[in-house]
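Here is a short note to read alongside the model on your screen.

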Amino acid sequence: DYIRNNKGISTINKNFLINCLYHYSKNFEQLAKIESIIGLKGLIGYHDQAKTSFEKIANKIETLDNHVKSIEEEHKSKLKKNTVVLMAVLISFLITTISLLTNSISKSVRLISQSFTTYVNAGFRLDSISSKRSNIKEFNSISISFMKMAQEIHIFTNFFREKVHERTLA
């Protein structure tokens with residue numbers, strides 16, 4: 001049962017070990033019968049010597065098994081600790097990244113908003129527009145479009161001023 005239930009042993013090795021144990025058991029029973037027939041009993045028989053050896057081996061196996069379990073528990077504890085540390089670092093990294101991106105976006109929006117406000121408050125004068133660049137290319141695209149729009153407004157405004165001036169003179 002121990003061999004069958006042990007997940008650390010391959011199926012081929014399990015079958016080999018079970019076969020060996022079967023033959024060992026069969027031959028050991030014959031040896032015990034022969035010892036009984038010839039009168040070997042007590043600590044001098046092979047059966048008792050084998051039993052003592054097996055008990056020593058079983059004790060060593062149990063000691064090793066306990067040692068392996070303690071190492072396994074230690075590794076599980078370290079794994080949990082490392083996982084917590086890794087998660088904390090990852091969360092810190094994500095929060096920092098999100099914060100930096102949010103600040104960059106907010107700064108770009110403020111620059112564009114200030115340009116709009118300054119342009120409107122200055123009476124739609126082209127020279128009032130500042131051409132500060134953003135770190136985000138989409139906002140740069142918006143700024144360029146805004147500057148093109150302001151130039152178009154400037155052209156139309158000048159055109160209409162000239163027309164008004166011409167009509168006034170006329």
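What percentage of the 170 residues in the protein do buried residues make up?

1. Buried residues make up 13% of the 170. Please keep in mind as you read that this is a predicted model.

2. On the overall fold, the protein has four helices and zero strands.

3. The dimensions are worth a look. The C-alpha trace spans about 145 × 30 × 15 Å along its principal axes. The radius of gyration is 45 Å, whereas a compact globule of 170 residues would have one near 15 Å. Among contacts with a separation of 6 or more, 40% are between residues 24 or more positions apart.

4. Next, the largest pocket, which has a volume of about 270 Å³. Its lining is made up of Y2, I3, I9, L17, L21, F54, I57, A58 and I61. Helix 1 (2-5), helix 2 (11-38) and helix 3 (46-121) are the elements that each give two or more residues to this lining. Helix 3 gives the most, with four residues. Sorted by class, the lining holds nine nonpolar residues, no polar ones and no charged ones.

5. Helix 4 covers residues 137-169, 33 residues in total. From first C-alpha to last, helix 4 reaches 47 Å, close to the 48 Å expected at 1.5 Å a residue. Buried residues in helix 4 include F139, N140, S143, F146 and A150.

6. Is S115 buried or exposed? This serine sits in helix 3. S115 has a relative accessible area of 10%, and it counts as buried because that value is under 20%. Leaving aside neighbours within four places in sequence, S115 is in contact with S130 and F146. F146 is itself one of the buried residues of helix 4.

7. M147 belongs to helix 4. Not counting residues up to four places away in sequence, M147 touches I129 and S131.

Key:
Residues are numbered from 1 along each chain as its sequence is written. This is a predicted model: local features need pLDDT of at least 70, side-chain atom pairs count only at pLDDT 80 or more; totals for chains, interfaces and linings use all residues. Side-chain values use heavy atoms; hydrogens and water are left out. On a 1 Å grid over the protein atoms alone, a cavity is a set of points where a 1.4 Å probe fits but cannot get out, and a pocket is an open set with protein on both sides within 12 Å along at least five of seven lines; lining residues have an atom within 4 Å of a point. Grid points are joined across faces, edges and corners, and a volume is the space filled by probe spheres set on the points. Ala, Val, Leu, Ile, Met, Phe, Trp, Tyr, Cys and Pro count as nonpolar, Asp, Glu, Lys and Arg as charged, and the others, Gly among them, as polar. Buried means under 20% relative accessible area, exposed over 50%, partly exposed in between (1.4 Å probe, protein chains only). Contact means heavy atoms within 4.5 Å. The expected span of a helix is 1.5 Å times one less than its number of residues. The radius of gyration is taken over C-alpha atoms; the globule rule is 2.2 Å times the number of residues to the power 0.38.
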